[in-house]
Amino acid sequence: MSAVVYEQREVRRARYAVAAVFAVHGAVTGSFATRVPWIQDHAGVSAGQLGLALAFPAIGASLAMPLAGRISHHFGARTALRGLISLWTLALILPSLAPNLGTLCLALFVYGASAGMADVAMNALGVEVENRLGKSIMSGLHGMWSAGALVGSAAGTLAAHLGSDARLHHALAAAALTVLGLVACQWVLDLRPTEDEEPPPRFALPPKSALLIGAVGFCAVFAEGAALDWSAVYLRDRLETSAGLAAACTTAFMLTMAVARIAGDAVVNRFGAVRTVRASGVLAVLGGVLIVVANQPAVAMAGFALMGLGIAVVVPLCFAAAGRSGPNPSQAIAGVATITYTSGLVAPSAIGGLAQLTSLVVSFGLVTVLACGLVVFAGVLRTSDRDRPKATRPDAAVPDPRL
């Protein structure tokens with residue numbers, strides 16, 4: 001077997017392996033999101049206090065993400081991802097154990113820190129696989145994340161419908177997902193630094209090239225975070241639905257995101273990043289309007305589904321654009337990740353705080369206004385080659401069709 005054929009097989013195998021890791025990462029998020037009302041009741045916190053607590057995952061992620069690069073540099077990409085994804089899956093257990101606001105904030109800080117480090121590590125490996133394949137795969141990888149989140153949320157919906165204790169539910173989910181993550185990590189690319197390569201800095205400001213791209217991602221992640229953390233609460237409190245139907249709303253949101261992301265690479269290849277994001281923004285705004293005016297659960301669920309469809313491909317396109325910008329793609333990717341996680345930091349607390357002062361309807365009005373930013377600022381994804389994936393550029397090498 002020639003070295004070229006062996007490398008092709010290794011890259012194909014690594015593509016599926018990292019896709020499985022994305023799915024495991026998403027399944028943890030889905031498992032958590034559908035049980036937020038249970039966690040709120042168990043900890044005995046108000047909507048405003050819940051909003052404060054839900055800021056802590058993003059705080060933890062933002063502070064811990066720079067460490068992921070150093071961990072990968074020291075241990076190698078495969079070993080680092082194996083440890084980080086295990087830390088993330090096991091952290092799922094912590095929030096449901098919290099008996100009060102203080103312990104809930106601490107649990108969510110650890111939960112977010114482990115999420116952020118695993119997120120950076122797996123996205124870096126995804127970008128490396130995309131570069132070796134010579135074609136766009138990032139939307140599909142994020143689609144696998146959404147598919148995993150959908151599976152996790154579906155299991156959470158069933159658990160909520162049956163009235164099961166979230167502590168037991170999350171312990172079983174964490175055990176299963178840890179095993180799946182460890183198995184998948186056996187076949188990801190084992191990237192290692194050269195002997196003379198300097199370790200990445202513990203902290204670095206996002207490069208200028210990442211700021212505008214990150215602003216587009218900020219709008220999308222704000223809407224995503226609001227819907228993930230508050231959709232079930234919105235239906236339960238605003239429209240007085242059952243716990244099972246409220247959890248099903250989160251599942252509908254994740255379903256449309258999964259479908260759109262899996263199909264996203266083909267759409268971007270056909271229409272380009274800018275037009276795709278602008279059209280997506282229109283759908284997200286329409287979904288937000290339906291949520292705000294809804295007086296029936298079906299209307300609100302349709303709004304959340306449309307919002308999921310509208311924001312689905314935005315973050316993958318931002319990561320891909322960052323990877324093609326500036327002299328240091330990895331730093332740009334980390335910068336965009338930091339900005340998007342900052343949005344994740346702002347969204348839950350902003351939604352909860354505004355709901356405490358006014359109502360959840362006003363809070364999702366803010367989400368709708370920010371979704372307009374996708375339409376207005378989509379043009380920042382357009383540079384000489386940034387509006388289309390590498391495989392469609394005139395100067396790009398033709399990828400091996402077997403990949």
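Modeller: Let's take those features in turn. This is a predicted model, where local features need pLDDT of at least 70, side-chain atom pairs count only at pLDDT 80 or more, and totals for chains, interfaces and linings use all residues. Residues are numbered from 1 along each chain as its sequence is written, and side-chain values use heavy atoms, leaving out hydrogens and water.

Colleague: How many helices and strands does the protein chain have?

Modeller: Helices (H or I, at least four residues) and strands (E, at least two) are DSSP runs, numbered from the N terminus. The protein chain has 16 helices and zero strands.

Colleague: Which residues of helix 2 are buried?

Modeller: Buried means under 20% relative accessible area, with a 1.4 Å probe and protein chains only. In helix 2 (residues 36-43), these are V36, P37, I39, Q40 and A43. They line one face of the helix, because they fall within an arc of 160° seen down its axis; the arc is that of the directions from the helix axis to the C-beta atoms. Just after helix 2, G44 has a positive phi of about 70°.

Colleague: And how do I read an aromatic pair?

Modeller: A pair of aromatic rings is described by the distance of the centres and the angle of the planes. Rings of Phe, Tyr and Trp (its six-membered ring) pair if their centres lie within 6.5 Å; planes under 30 degrees apart count as stacked, over 60 as edge-to-face and the rest as tilted. There are six aromatic pairs by this rule. F32 and Y111 are tilted, because their ring planes are at 40°, with centres 4.9 Å apart.

Colleague: Where do F32 and Y111 lie?

Modeller: F32 is in helix 1 (residues 3-33) and Y111 in helix 7 (residues 101-133), so the pair ties together parts 79 residues apart in sequence. F32, W88 and Y111 form one aromatic cluster.

Methods: Buried < 20%, exposed > 50% of the residue type's maximum accessible area, 1.4 Å probe, protein only.
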